[in-house]
Amino acid sequence: MSKIRAAITGVQGYVPDYILTNDELSRMVDTNDEWITTRTGIKERHILKGEAQGTSVMGIEAVKGLLEKTGTDPKEIELVICATVTPDMMFPDTANLIAYGAGLTNAFCFDIAAACSGFLYALTTGARFVEAGAHKKVIVVGGDKMSSIVDYTDRTTCVLFGDGAGAVLLEPDDSGNGIIDSIHRSDGSGAEFLRQKAGGSRHPASLETVTNQEHFIYQNGKPVFKAAVAGMTDVVEKVMARNNLTVDNVNWLVPHQANRRIIESVGKGIGFPEEKVMVNIHKYGNTTAATLPLCLWDYESRLHKGDNLILTAFGGGFTWGATYLKWAYN
Ligand code: UT7
């Protein structure tokens, strides 16, 4: 019997029905399918339409599907952590609203805001509660309604983002599988390059912040691109080295989906063959905290018990990290 680890024992994603294509975007701003495809790899993204529909709507669907497919009684869930930077409201946390909507009446709940690294941070946090023996069934959700903070007149950001949510169930595992190691980093100097300026305590919502369009995402893409490639490459190499892993015995690299060129630079730079790198950015765009669980959901049928996976992400903050886990089921 090896030490108790937290293993992912189920994954479920949810994306809204409405598909925003590159062609539709090219009728909204001065862009075209060729630019978007070659510069980002994105073909379409899903958008949550309708009045008063927040991130929790997608999280609830993902959690309900997860409970159903894993045969889990909602009352057994003891903790829900939701990674998001597009919460339904400032408080209560979206995790609370998801638990309420999915009937998880015995869970305590909180959010983690670490932008595109949010799911990775939340996964590590949830895993600690399981490893410590505090909780046996923990749900980690990554979800964002990026369309709620995207300026659809800004061609440099509006082509990039989409809406979605993914959820995983964490349970104790003593067979050697589960989450083995993580490295997390952050650097607040990155706020200059990627941020949503207003709406917090420094610049509360006002007529002026709305007029100045300060509630939208601002990104200076080039420095973020460079920092993302350097940051993810560094932590993936470090986590592999300290666990005696090579590209031969890692089955899958699971990278945050912000730009296909970033994914390729990180993968090729470390030496991963293309077929070991999960990519679904063409279907969903950048769904921020949802990209990693949506990748696991899309590739679930190709994963085997004991497979070595390296998850990595980079995002606003800056925040970044890498997690090594052994997949726990077939
Ligand atoms: O997930 C959170 C972390 N975020 C990221 O990892 C994103 C990192 N950054 C990126 O992915 C890339 O920097 C972008 C996709 C955002 C931009 O790609 P780029 O290759 O860095 O392009 P650029 O910003 O240097 O722009 C090149 C040209 C510019 O025109 P000029 O100045 O050369 O005439 C832009 O105005 O492309 C123009 N451009 C566009 N053209 C058509 C920018 N956006 C568009 C567009 N359609 N949508």
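Student: In which element does Gln12 lie?
Tutor: Gln12 lies in strand 1, where helices (H or I, at least four residues) and strands (E, at least two) are DSSP runs, numbered from the N terminus. Before we go on, note that this is a predicted model, in which local features need pLDDT of at least 70 and side-chain atom pairs count only at pLDDT 80 or more, while totals for chains, interfaces and linings use all residues. Residues are numbered from 1 along each chain as its sequence is written, and side-chain values use heavy atoms, with hydrogens and water left out.

Student: Why is Gln12 called buried?
Tutor: Buried means under 20% relative accessible area, exposed over 50%, and partly exposed in between (1.4 Å probe, protein chains only). Gln12 has a relative accessibility of 17%, so it counts as buried. Ile8, which also has its place in strand 1 (residues 5-14), is buried with a relative accessible area of 4%.

Student: How far apart are Gln12 and Leu296 in sequence and in space?
Tutor: They are 284 residues apart in sequence and 8.4 Å apart in space, C-alpha to C-alpha.

Student: Leu296 is one of the buried residues of helix 11, but what makes helix 11 as a whole largely enclosed?
Tutor: Seven of the nine residues of helix 11 (residues 291-299) are buried, so the helix is largely enclosed by the rest of the structure. The buried residues are Thr291, Leu292, Pro293, Leu294, Cys295, Leu296 and Tyr299.

Student: What makes the Ala52 phi value stand out, and is Ala52 buried or exposed?
Tutor: Most residues other than glycine have a negative phi, and most peptide bonds are trans. Ala52 has a positive phi of about 55° although it is not a glycine, and its place is the loop between strand 3 (44-47) and helix 3 (55-70). With a relative accessible area of 80%, Ala52 is exposed. Thr288, in the loop between helix 10 (281-284) and helix 11, also has a positive phi, near 55°, but at 2% relative accessibility Thr288 counts as buried.

Student: Which kind of peptide bond runs from Phe91 to Pro92?
Tutor: That bond is cis, with omega near 0°, and Pro92 is found in the loop between strand 4 (79-83) and helix 4 (94-102). The bond from Gly317 to Phe318 is cis too, with omega near -5°, and Phe318 is in the loop between strand 12 (308-315) and strand 13 (319-326).

Student: How many aromatic pairs does a search of the whole structure find, and why is the pair of Phe314 and Trp320 called tilted?
Tutor: The search finds seven aromatic pairs. Phe314 and Trp320 are 5.6 Å apart, centre to centre, with 35° between the planes. Rings of Phe, Tyr and Trp (its six-membered ring) pair if their centres lie within 6.5 Å, and planes under 30 degrees apart count as stacked, over 60 as edge-to-face and the rest as tilted, so these two rings form a pair, and the pair is tilted. Phe314, at 5% relative accessibility, counts as buried, and Trp320, at 15%, counts as buried as well. Trp327 and Tyr329 form another tilted pair, with 4.9 Å from centre to centre and 40° between the planes, and both of them are buried. Ring pairs also link Phe193, Phe314, Phe318 and Trp320 into a cluster.
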